[in-house]
Amino acid sequence: MDRDTEIFVQAFWVRCRETVRPELDHVIDTLKGEGHDAHVATQEYSDVADDLPDAGPSLVLTVHPNGSTAARTLKFRGIVGDKVIEVTASPGGTRRYEMSDLELPIVKREMKDWLAKSLKS
């Protein structure tokens with residue numbers, strides 16, 4: 001892994017640890033209190049070609065509303081080549097943010113919008 005990639009990946013995980021993950025944990029506690037199954041998964045970055053769906057790195061919140069088998073996901077993924085963070089909501093769309101722009105108000109808005117769509121469906 002080259003130095004620029006290494007720095008970006010480290011910065012992605014710092015942003016996740018300091019800004020994204022605390023909000024995800026709060027949402028998970030709330031969702032579980034309402035009877036939903038929710039968890040977070042991570043995927044490390046690897047510059048080696050493999051069979052994983054994304055090159056990573058990523059942090060994914062998955063919710064099964066009230067025991068449903070249908071999963072809803074909210075993924076925060078570092079796009080290494082473009083040096084941006086992509087937020088993909090299922091259901092919903094994808095938005096891209098510069099690392100420095102993905103601050104707490106944006107993370108909260110992304111989660112609020114996603115939850116409104118996810119739990120309504």
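Me: Before anything else, what does buried mean here?
Reply: Buried means under 20% relative accessible area. The model is a predicted one.

Me: OK. Is Leu59 buried or exposed?
Reply: Leu59 has a relative accessible area of 2%, so it is buried.

Me: Where is Leu59 found?
Reply: In strand E2, which covers residues 58–64.

Me: And what is Leu59 in contact with, leaving aside its neighbours within four places in sequence?
Reply: Its contacts, with those neighbours left out, are Phe12, Cys16, Val20, Arg21, Leu24, Val40, Ala41, Thr42, Leu74, Lys75 and Phe76.

Me: How far is Leu59 from Lys75?
Reply: In space, 5.8 Å from C-alpha to C-alpha; in sequence, 16 residues.

Me: Now His39. Where does it lie?
Reply: His39 belongs to strand E1, residues 37–43. Its relative accessibility is 35%, so His39 counts as partly exposed.

Me: What does His39 touch, again leaving aside neighbours within four places in sequence?
Reply: With those neighbours set aside, His39 is in contact with Ile28, Val60, Leu61 and Thr62. For one of these, Val60, the C-alpha atom is 8.3 Å from that of His39, and the two residues are 21 apart along the chain.

Me: Switching to helices. At what angle do H1 and H2 cross?
Reply: Roughly 30 degrees, and the axes come within 10 Å of each other. H1 is residues 3–33 and H2 is residues 104–120.

Me: Why are H1 and H2 called roughly parallel?
Reply: Angles under 35 degrees count as roughly parallel, and the axes of H1 and H2 cross at roughly 30 degrees. H1 and H2 are therefore roughly parallel to each other.

Me: Is the crossing left-handed or right-handed?
Reply: H1 passes H2 in a right-handed crossing.

Me: Which residues meet there?
Reply: From H1, Thr19, Val20, Glu23, Leu24, Val27 and Leu31; from H2, Leu104, Val107, Lys108, Met111, Leu115 and Leu119. By type, the residues of this contact are nine nonpolar, one polar and two charged.

Me: Next topic, salt bridges. How many?
Reply: The count comes to six. Side chains of opposite charge can pair when their charged atoms come close.

Me: What about the one with Glu103?
Reply: Glu103 pairs with Arg15 through their side chains, at 3.2 Å from N to O. The pair links distant parts of the chain, 88 residues apart: Glu103 is in the loop between strand E5 (94–98) and H2, and Arg15 is in helix H1.

Me: Are those two buried or partly exposed?
Reply: One of each. Arg15 has a relative accessible area of 16%, so it is buried. Glu103 is at 39%, so it counts as partly exposed.

Me: And what does Asp82 pair with?
Reply: Asp82 forms a salt bridge with Arg96, and the closest N and O atoms are 2.6 Å apart. Asp82 sits in the loop between strand E3 (72–79) and strand E4 (84–90), while Arg96 is in strand E5, 14 residues apart.

Me: Which other partner does Arg96 have, in strand E4?
Reply: Glu86, with the closest N and O atoms 3.3 Å apart. Arg96 in strand E5 and Glu86 in strand E4 are 10 residues apart. Salt bridges that share partners join Arg77, Asp82, Glu86 and Arg96 into one network.

Me: How accessible are Asp82, Glu86 and Arg96?
Reply: Asp82 counts as partly exposed at 44% relative accessibility. Arg96 is also partly exposed, at 45%. Glu86 is buried, with a relative accessible area of 12%.

Terms used: Residues are numbered from 1 along each chain as its sequence is written. This is a predicted model: local features need pLDDT of at least 70, side-chain atom pairs count only at pLDDT 80 or more; totals for chains, interfaces and linings use all residues. Side-chain values use heavy atoms; hydrogens and water are left out. Axes are lines fitted to C-alpha atoms, for helices over the stretch in contact, and angles run from 0 to 180 degrees between N-to-C directions. Helices (H or I, at least four residues) and strands (E, at least two) are DSSP runs, numbered from the N terminus. Angles under 35 degrees count as roughly parallel, over 145 as roughly antiparallel, 65 to 115 as roughly perpendicular and the rest as oblique. A crossing is left-handed if the near helix is turned anticlockwise from the far one by less than a right angle, and right-handed if clockwise. Contact means heavy atoms within 4.5 Å. Ala, Val, Leu, Ile, Met, Phe, Trp, Tyr, Cys and Pro count as nonpolar, Asp, Glu, Lys and Arg as charged, and the others, Gly among them, as polar. A salt bridge is a side-chain nitrogen of Lys or Arg within 4 Å of a carboxyl oxygen of Asp or Glu. Buried means under 20% relative accessible area, exposed over 50%, partly exposed in between (1.4 Å probe, protein chains only).
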